Structure formats: C-alpha cells, structure tokens
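Please look over the chain shown here before reading on.

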Amino acid sequence: MDRTLELPGAPGRCPCDGAEGFGGARQLAAAAILLLLTSCMAPVPRPTGPGAVGQMEGRWRQQAHWLPMKDQDGTPRLLYSRVCRPEGDTPARVAVLNHGTGLTRAILEPQSCDAEAPSWFLRHGYMVLQPIRRGYGATGGPDSAYNIAGPQGIRRCDDLQPAAISLESARDVAATVEYATALPGARPDSAVVVGASTGGYTTIAYNSLPHPKVAAVVNVSGGIGGRIGGAIGQVCHADRMVEGAGKFGATAVTPMLWLYATNDSFFSPDLGRAMHAAYTAAGGKAEFVEPGVYERDGHAMFSGIGGSRLWGPPLG
C-alpha cells in the first residue's frame with residue numbers, strides 16, 4: 001500500500017501521529033481530539049541560554065524555562081518548557097509530562113498549569129515540567145524522526161522506525177529529568193515520567209535506559225503512526241511498534257503503568273496489549289490498565305477535560 005507520512009522537513013503534510021489526509025471539518029475535529037499537551041498562551045520568550053525566563057506567575061508559579069541537551073551527534077540544543085510549582089515550600093517530586101505529535105506541531109505549546117493533567121499532578125504535590133521536544137513549537141529544529149530518517153522530508157510508512165525514533169526522543173526526556181530534579185524546590189530523586197501518544201511510546205523507550213532519579217514511568221495511549229489516511233485503527237507498521245516494545249523491555253529498569261482507553265481511535269487496547277505482551281516477555285515489568293471509555297475518542301483521555309477520572313485512580 002502506498003502510504004506516506006510526514007517526518008520533519010516536509011511542510012504541508014499531517015504528521016504520522018495525526019490523521020493524514022483529513023480535510024475541512026474532519027481536520028478540525030481531529031485536531032480537537034488529538035492528545036496534545038498544548039494551549040494558546042502568550043508569546044514564547046526567546047532564549048539567551050539555559051534557564052528561567054521571566055517571573056513566576058499565578059497560583060502555580062508558572063514560568064518558562066529553556067533546558068540544555070545534546071542530540072545524537074553532540075550538538076547542543078535548548079528545549080522550551082513550562083514549569084508549574086505546587087503550593088507550599090516543601091521540596092516536591094517532579095512530574096515530567098511528554099506530549100504527542102498531532103496536526104499543530106509548529107505551534108505546539110505546553111498546557112496551562114490549570115489544565116487537566118498538569119493540575120492533577122500539582123494538586124497531588126508535584127512540580128510539573130512540560131518540555132517541548134525537538135521539532136515542535138518554540139523548541140523548533142529537526143526532531144528525532146528527522147535525525148533517524150534524514151532530510152528527505154516525506155517518507156513512506158514502510159520507512160518508519162518507531163524504536164529508533166523514540167530512543168532519540170528519549171534524549172529530550174532524559175535532559176528534562178536532569179534539569180528538573182536540580183531546580184530549587186524540587187526533590188533530586190523519585191521523579192515521575194508520563195507520556196501520551198507519541199510521548200507515551202517515547203516514555204517506554206526512556207525506561208529502557210538508566211534513570212536513577214526516576215521512580216515511576218507511565219505510558220498513556222502510547223504509539224507512533226496512528227490513523228494512517230484518517231482511518232480509525234489503521235496504524236503504520238504496528239508490528240514494528242510491538243517489536244520495539246520487546247527491545248525496550250529487555251533492558252527496562254522501572255516497573256511501568258500502561259493505560260489505553262477502550263475507545264482509543266489511534267492505538268487500540270488490543271494493540272496496547274500486544275506491545276505489553278512483547279515488553280513483559282522480554283523482561284520488562286508493567287501493569288496494563290484499560291480504564292474505560294473517554295468521551296468520543298479515548299486518545300484524548302490524558303489531556304481532555306475530566307480524563308483524570310479515568311487515569312487518576314490507577315496512578316494513585
């Protein structure tokens with residue numbers, strides 16, 4: 001089948017974790033349900049180097065930060081992130097929330113601290129960081145898919161390599177954890193890493209690497225290349241995602257929690273279970289939970305209004 005999907009550097013096409021080929025009203029509907037940690041915020045402050053930009057604001061003392069990291073060839077990069085702080089002055093555990101792909105990668109931003117997922121963690125006493133990975137939003141530049149596939153831009157589905165892409169993206173997650181756990185007011189250990197959609201599969205990859213400062217890792221609706229051609233349940237090489245999950249499980253460090261909504265139109269619970277089976281057969285430890293139906297499309301469960309009623313209880 002001649003299926004194409006976008007990797008960075010190819011303008012005008014929907015990303016592989018969006019719904020390629022959607023148009024008009026269907027594109028707007030797809031954008032509304034995509035699992036993104038994003039919202040319309042003030043203009044992003046430009047970096048002069050790593051660190052905080054501007055003052056803390058609001059109840060949750062939100063603040064923009066630029067985080068240092070290096071890509072696979074050692075090139076220094078800066079990742080844009082929003083930091084949200086819980087009430088009180090007690091040193092707080094860190095929660096790193098990793099976004100998906102979607103149709104709006106060029107303008108993707110972290111959510112407001114008051115949004116569903118960040119506010120849940122804040123109310124539970126966590127300091128929250130929402131990094132924007134390479135290739136997205138204010139961070140910009142080529143993302144991990146570009147680094148793996150090269151500058152050709154549009155690639156066929158057959159060229160997608162989920163494991164390699166996710167391992168490169170895990171560099172962004174690792175850099176965020178290192179930065180976050182060194183912030184004033186943050187505990188230097190026992191961090192939690194959560195990822196949704198593409199960010200969920202990236203989180204599985206991250207768990208295959210050493211991470212001594214992290215105590216819990218959560219995958220929500222994780223996968224890459226869902227809804228090819230806009231078709232529900234059509235996934236670009238699901239077999240490669242399953243194979244990749246097995247590879248990650250072989251060196252996994254921390255027991256995980258995997259959450260897939262019953263009505264996820266991108267990555268079904270059946271696909272989630274297949275990945276989970278490969279992951280655990282290879283030695284990884286993970287609890288699989290199907291928490292039920294969320295609204296019209298369970299893929300929006302993590303960031304959608306009221307979604308924490310489903311995913312919150314398994315997290316405790």
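## Histidine 65 and its strand

In this predicted model, alanine 52 stands opposite histidine 65 in β3, where strands, like helices, are DSSP runs numbered from the N terminus (strands E, at least two residues; helices H or I, at least four). Histidine 65 lies in strand β3, which spans residues 62–70, and with a relative accessibility of 3% histidine 65 counts as buried, the term buried meaning under 20% relative accessible area with a 1.4 Å probe and protein chains only.

The side chain of histidine 65 makes a polar contact of 2.7 Å with that of tyrosine 179; a polar contact is a pair of N or O atoms within 3.5 Å, one able to donate a hydrogen and the other to accept it, and residues adjacent in sequence count only if both atoms are side-chain atoms. Beyond four places in sequence, the contacts of histidine 65 include Gly51, Leu79, Tyr80, Arg85 and Leu183, with contact meaning heavy atoms within 4.5 Å.

## The strands around β3

Strand β2 (residues 51–57) runs antiparallel to β3 and is joined to it by four bridges, strands being paired if DSSP finds at least two bridges between them. These two strands form a hairpin with four residues between them, and glycine 58 in the turn has a positive phi of about 75°.

β3 also pairs with β4 in the antiparallel sense, over eight bridges, and alanine 64 stands opposite arginine 82 in β4. Here the hairpin has five residues between its strands, with glycine 74 in the turn at a positive phi of about 85°. Because seven of its nine residues are buried, β3 is largely enclosed by the rest of the structure.

## Helix α2

Helix α2 (residues 116–123) is likewise largely enclosed, since seven of its eight residues are buried, among them Trp120, Phe121 and Leu122. The cover over the buried residues of α2 includes β4 (76–84), β6 (127–132) and α8 (308–315). Glycine 125, which follows α2, has a positive phi near 90°.

## Whole chain and confidence

The chain has eight helices and 11 strands, and buried residues make up 58% of its 316 residues. Its mean pLDDT, the predictor's confidence in each residue from 0 to 100, is 85, and 82% of residues reach 70 or more. Over residues 1–41, however, the pLDDT is below 50, and it also stays under 50 over residues 148–154.

Residues are numbered from 1 along each chain as its sequence is written, and side-chain values use heavy atoms, leaving out hydrogens and water. Local features need pLDDT of at least 70 and side-chain atom pairs count only at pLDDT 80 or more, whereas totals for chains, interfaces and linings use all residues.

Methods. Buried < 20%, exposed > 50% of the residue type's maximum accessible area, 1.4 Å probe, protein only.
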